[in-house]
Structures are given as C-alpha cells and as structure tokens.
Amino acid sequence: MSSDSYDYHSLSNGHKRFTRPTSRSWKVFGVALLAIYAIGLTVYAVKTHRFFSLDYYEPLNNASVIDWSQETYLSQTTALNPEEHAVVSSLYTDSYIRPIITLGHSLDAANMNMRRILVYIPGSVSAASLCLATAAGWTVHPVSRIAPPHHGKGVNRLYLDQYTKLNIWTLDSIGIKSLVYVDADTLVRRNFVELFTLPYNFAAVPDIYRDHRGFTVEFNAGVLFLRTSTAVFEDMLSKIGTARFPPSMAEQAFLNAYFGLQAIRLPYAYNANIAIKWRSPALWKAMVADLCIVHYTLDKPFPLQGQGRQSVKEFFESPLDPGRGLWTEEIAWWQESWRETAAILKNKAAHC
C-alpha cells in the first residue's frame with residue numbers, strides 16, 4: 001500500500017507526534033491558493049479599472065472638427081508656401097511599396113499640394129520600388145539607418161528600423177520648415193493643410209489600445225506634425241541611449257518621452273486608428289464625416305509584398321483579398337484607392 005494512503009506516525013520519542021500531510025490535504029491547499037489568486041486578480045481589476053468616457057461615447061456635440069467658415073483659417077492656409085512645407089513618409093522595405101503609392105494617390109485626391117518626400121534606406125529598397133514611388137509623386141530622399149539603442153534589446157523585431165524616422169527632423173537642410181509625417185499604412189480621406197498653420201513645434205494624436213490602457217495621453221507616431229530642426233535631431237540622438245522609456249515600441253516610446261511636455265494632442269480625425277472602431281464603435285461612427293487620415297494598425301488592407309519578379313502590369317493587376325469582419329468598410333476605402341492608383345500608374349510607371 002502506498003504511504004500516501006494513510007497518515008504516517010513516527011515512533012514516540014516524548015515529543016509531539018508529527019502527521020505527514022496526505023495527497024488530499026495538498027489538493028485542498030492548492031485549491032485554496034488558486035481561489036486566493038483569483039480573488040486577488042478580481043480586486044486588482046476593479047481597483048485599476050478607469051472609466052473612459054470615449055468607451056461609452058454619446059454624440060452630444062455634433063460640431064465639425066474644423067470650422068471651415070473661419071476667415072482667419074482660410075487666409076492662413078492660402079498664404080502657405082508649398083515649397084517650405086511637406087508631407088513625408090518612409091519606406092524601409094519593398095513590402096510596403098503598394099501602400100506607399102496608394103498613399104500618394106490619396107494625397108492627390110485630397111488636393112494636398114505640398115512637397116511630398118519619401119525617406120528610404122539605400123540598399124534596403126529596390127530601384128524598381130523607388131521608380132514606382134517617384135511615378136506616384138514622391139520625391140525619394142535617402143537617409144542613414146539609425147540603429148536602435150542598446151543593440152535593439154527589447155525592441156519589437158518589426159520596429160528595428162523605426163528610429164530611422166528621426167531623420168525627418170533634418171529636412172530643414174532641403175528647405176522644409178514644417179512637415180506632416182504619415183506612416184505608409186495610412187490613407188488620406190480629406191485635405192489637412194490646416195495643420196501647417198499650427199504655431200507649435202510638435203503635435204500628434206493620442207494612441208488607443210485594446211487592453212486596459214484604452215484611450216491614453218500617449219501619442220501614436222504614425223501621424224506627426226513637426227517643425228524641422230537638425231539641432232533637435234542631434235539632441236535626440238545624444239539622448240536615445242540614456243532616456244528612460246519602454247523599448248518595445250521603439251521610436252514612438254522615445255518620442256513620447258522626448259516630447260512628453262511639449263506635444264500638442266490633435267483630434268482623432270488626423271490619425272483615425274482603426275482600433276477606435278474596435279474600442280468604441282459609437283465614437284468611430286461619429287468621426288467618419290471628419291476623417292482626414294485613416295491608420296490601418298490592426299488590419300492591413302494590402303498584401304505585404306513588393307513587385308518582386310512581376311511585371312508592372314502584373315503587379316497592378318494582382319487581386320486583393322476582400323475585406324471581412326469589423327473593418328470591411330474601411331478596407332474597402334483603401335482598396336478603392338488602390339484600384340484608382342493602379343488605373344493611373346499601370347501605364348505611367350510601365351518603365352519601372
């Protein structure tokens with residue numbers, strides 16, 4: 001018989017008798033520990049839960065994000081010199097050439113007549129992709145890769161090249177005074193020239209998470225307004241290695257640390273992260289009429305592949321998977337813009 005099936009009694013030696021725990025006792029003890037752990041998690045969740053008014057959004061105010069009737073606004077935007085301001089994006093791999101040229105077309109459709117600059121890392125992007133980008137209206141601008149600090153320890157592998165984005169502050173060297181940076185996985189829905197009239201040095205849109213963080217004061221680096229300055233760029237580089245910030249989110253976390261005090265928070269319409277629709281469908285529905293820039297963070301409406309060995313014709317005629325699920329409508333917006341892009345560039349970029 002196994003010793004686990006009965007209590008073991010040691011020989012009497014004048015001391016208190018010791019009883020060995022049974023397997024049943026250990027099971028009861030384990031269940032009790034699990035119960036205490038579960039109660040602890042529940043208490044923690046209740047105490048740390050915050051009420052987000054945007055999670056329970058009500059359309060109490062139907063005013064537009066921008067008052068288009070303001071004469072001051074109109075006089076400021078018409079006085080802008082398009083050669084001194086730019087819309088900027090980045091391309092670090094051929095796999096994002098399709099969204100880059102679609103973004104270029106969406107800028108045309110929104111009548112954004114500022115300079116259009118695409119920064120890229122030489123050797124990481126093919127000549128064919130650069131040719132397609134140029135045909136789509138981008139001026140390609142080579143920059144040096146900026147490696148993540150601490151040899152990339154803790155950085156999400158998808159973001160290892162993202163510190164290279166900091167190079168956009170050096171575009172004062174080519175006459176750019178201010179710029180709006182937009183990630184490749186965005187789509188422009190309407191003109192946003194008013195951003196160039198901002199008197200601030202840096203502005204961005206607050207980020208949104210699907211977990212307990214929800215709507216935050218931290219900003220998303222997918223759309224940025226900034227005033228260029230090589231001096232600021234050099235100062236940032238000198239502090240990347242010593243600044244305290246979570247490394248996983250790369251340059252976005254660093255920029256939140258560097259501009260934490262100065263950053264102006266822009267309305268969600270300027271970086272309409274599709275996570276908003278997941279988090280607060282009512283808020284997204286209320287935003288749709290004012291959307292300037294849609295950001296496809298959680299679901300990409302395009303295949304992540306470059307032209308490869310395809311001909312230009314094959315590249316533009318390759319089919320796309322139809323959108324499904326929560327973001328069907330938003331994916332359809334991008335794919336419609338892609339079809340328009342392909343119709344224009346199929347012949348224009350044939351030499352690529």
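The structure is a predicted model, in which local features need pLDDT of at least 70, side-chain atom pairs count only at pLDDT 80 or more, and totals for chains, interfaces and linings use all residues. Residues are numbered from 1 along each chain as its sequence is written, and side-chain values use heavy atoms, with hydrogens and water left out.

I begin with the overall composition. The chain has 10 helices and 10 strands; helices (H or I, at least four residues) and strands (E, at least two) are DSSP runs, numbered from the N terminus. Of its 352 residues, 45% are buried. Here buried means under 20% relative accessible area, exposed means over 50%, and partly exposed lies in between, with a 1.4 Å probe and protein chains only. As for contacts (heavy atoms within 4.5 Å), 73% of those between residues at least 6 apart in sequence join residues at least 24 apart.

I turn now to the interior. A nonpolar core is a set of buried Ala, Val, Leu, Ile, Met, Phe, Trp, Tyr and Cys residues joined through side-chain atoms within 4.5 Å. The largest such core has 66 residues, and those touching the most other members are Ile 101, Phe 192, Phe 196, Trp 284 and Phe 316. Helix H10, residues 328–348, supplies the largest share of this core, with six residues. Apart from this core lies another, of 31 residues, which includes Tyr 163, Leu 166, Ile 168 and Ala 263.

Which residues does Ile 101 touch, not counting residues up to four places away in sequence? The partners are Leu 132, Ala 133, Ala 136, Phe 315, Phe 316, Trp 338, Thr 341 and Leu 345.

Helix H3 (residues 97–109) and H10 pack at an angle of about 90 degrees, and their axes are 9 Å apart. Axes are lines fitted to C-alpha atoms, for helices over the stretch in contact, and angles run from 0 to 180 degrees between N-to-C directions. H3 is therefore roughly perpendicular to H10; under this scheme, angles under 35 degrees count as roughly parallel, over 145 as roughly antiparallel, 65 to 115 as roughly perpendicular and the rest as oblique. Ala, Val, Leu, Ile, Met, Phe, Trp, Tyr, Cys and Pro count as nonpolar, Asp, Glu, Lys and Arg as charged, and the others, Gly among them, as polar.

Seven of the nine residues of helix H6 (residues 250–258) are buried, so H6 is largely enclosed by the rest of the structure. The buried residues of H6 are covered by elements including strand E6 (202–208), strand E7 (215–227) and helix H5 (230–239). H5 and H6 pack at about 110 degrees, with axes 12 Å apart, which means that H5 is roughly perpendicular to H6. In this contact, Val 232, Asp 235, Met 236 and Lys 239 of H5 meet Phe 254, Leu 255 and Tyr 258 of H6. The classes here are five nonpolar, no polar and two charged.

Next, the cysteines. A disulfide is a pair of cysteine sulfur atoms within 2.5 Å, and by this rule the count is one. Cys 131 and Cys 352 form it, with sulfur atoms 2.0 Å apart. The link is left-handed, at -75 degrees about the S-S bond. Because Cys 131 lies in helix H4 (residues 127–135) and Cys 352 in the segment after H10, the pair ties together parts that are 221 residues apart in sequence. Both Cys 131 and Cys 352 are buried.

Is Asp 290 buried or exposed? Asp 290, in the loop between helix H8 (281–287) and strand E10 (293–295), is buried at 16% relative accessible area. Leaving aside neighbours within four places in sequence, Asp 290 contacts Ala 63, Ser 64, Val 65, Arg 190 and Ala 269.

Most residues other than glycine have a negative phi. His 150, however, has a positive phi near 55 degrees, and His 151 has one of about 60 degrees. His 150 lies in the loop between strand E3 (139–142) and strand E4 (178–182), and His 151 also lies in the loop between E3 and E4. His 150 counts as exposed at 53% relative accessibility, and His 151 does so at 86%.
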